[in-house]
Amino acid sequence: MTGHVRLVGLVFLGGCVGTAVRWALEEAFAVPTGWPWVTFAINVAGSFLLGLLLELLVRGGADAGWRRAVRLGCGTGVMGGFTTYSTFVLEVDRLGADGELALAVAYPLVSVVLGLAAAAAGMALAARTTSGTTSERRETA
């Protein structure tokens with residue numbers, strides 16, 4: 001039970017950090033009309049970083065101990081708080097309500113496609129940077 005409480009605390013703290021960073025970026029750069037560039041950039045960057053992090057952790061070993069703590073604290077917490085698909089949906093609704101129908105259709109499509117591509121790129125980068133180390137680890141195991 002104590003271990004679960006610690007892990008929940010890591011998710012909570014990570015979520016606070018991710019949400020604070022996102023809020024600061026949106027306060028600094030958001031504009032009230034047109035393509036929501038800040039949320040778009042946050043979600044694509046978050047997808048890349050999450051793909052990179054999770055692939056590195058998977059290639060490093062079992063989801064236990066410090067790897068589980070990093071996955072939950074940074075992956076679920078920080079990246080979960082940083083990325084914002086709820087704001088994304090509200091922005092799509094705002095674009096439609098403002099009569100910007102082309103943007104209301106293009107924004108979610110481009111966001112999802114680039115988010116998936118960014119996650120795949122993060123995973124590929126992790127695979128490329130750890131390919132030598134994982135094969136060496138397997139040979140010594």
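Which residue counts as partly exposed at 23% relative accessibility? In this model the residue is Arg 94, which at 23% relative accessibility counts as partly exposed, where buried means under 20% relative accessible area, exposed means over 50%, and partly exposed covers what is in between (1.4 Å probe, protein chains only). The structure is a predicted model, in which local features need pLDDT of at least 70 and side-chain atom pairs count only at pLDDT 80 or more, while totals for chains, interfaces and linings use all residues. Residues are numbered from 1 along each chain as its sequence is written, and side-chain values use heavy atoms, with hydrogens and water left out.

The chain contains 5 helices and 0 strands, and its pattern along the sequence reads α-α-α-α-α; helices (H or I, at least four residues) and strands (E, at least two) are DSSP runs, numbered from the N terminus. Taken along the principal axes, the C-alpha atoms fill a box of roughly 60 × 35 × 25 Å. Of the 141 residues of the chain, 35% count as buried, and the chain exposes about 8400 Å², of which carbon and sulfur atoms supply 73%, with accessible areas taken from the Shrake-Rupley method with a 1.4 Å probe and, for residues, only the protein chains shown counted as cover. Among contacts (heavy atoms within 4.5 Å) between residues at least 6 apart in sequence, 76% join residues at least 24 apart.

Helix H1 comprises the 28 residues 2-29, which at 1.5 Å a residue should span 40 Å, and the 41 Å between its end C-alpha atoms agrees with this; the expected span is 1.5 Å times one less than the number of residues. Within H1, the residues Leu 7, Gly 14, Gly 15, Gly 18, Arg 22 and Glu 26 are buried, and what covers the buried residues of this helix includes helix H2 (37-60), helix H3 (66-82) and helix H4 (85-97). Two of these residues, Arg 22 and Glu 26, are also touched by Ile 42, whose other contacts, not counting residues up to four places away in sequence, are Leu 25, Phe 82 and Thr 83. Ile 42 lies in helix H2 and, at 3% relative accessibility, counts as buried.

The structure holds 6 aromatic pairs, a pair being rings of Phe, Tyr and Trp (its six-membered ring) with centres within 6.5 Å, counted as stacked if the planes are under 30 degrees apart, as edge-to-face if over 60, and as tilted for the rest. The rings of Trp 35 and Trp 37 have centres 5.5 Å apart and planes at 40 degrees, so this pair is tilted. Trp 35 is buried, with a relative accessible area of 15%, whereas Trp 37, at 55% relative accessibility, counts as exposed. Trp 35 also forms an edge-to-face pair with Tyr 107, at 5.2 Å centre to centre and 80 degrees between the planes. Because Trp 35 lies in the loop between H1 and H2 and Tyr 107 in helix H5 (residues 101-140), this pair ties together parts that are 72 residues apart in sequence. Trp 35, Trp 37, Phe 40, Tyr 85, Phe 88 and Tyr 107 form one aromatic cluster.

Side chains of opposite charge can pair when their charged atoms come close. The structure holds 4 salt bridges, each defined by a side-chain nitrogen of Lys or Arg within 4 Å of a carboxyl oxygen of Asp or Glu. In helix H2, Arg 59 and Glu 55 lie 4 residues apart, about one turn of the helix, and their side chains meet in a salt bridge (2.8 Å, N to O). Arg 59 counts as partly exposed at 26% relative accessibility, while Glu 55 is buried at 15%. Glu 55 also touches Met 123, Ala 126 and Ala 127, not counting residues up to four places away in sequence. A further salt bridge joins the side chains of Asp 98 and Arg 94 (3.7 Å, N to O), and Asp 98 counts as partly exposed at 44% relative accessibility. Salt bridges that share partners join Asp 63, Arg 68 and Arg 71 into one network, in which the side chains of Asp 63 and Arg 71 meet at 2.8 Å, N to O.
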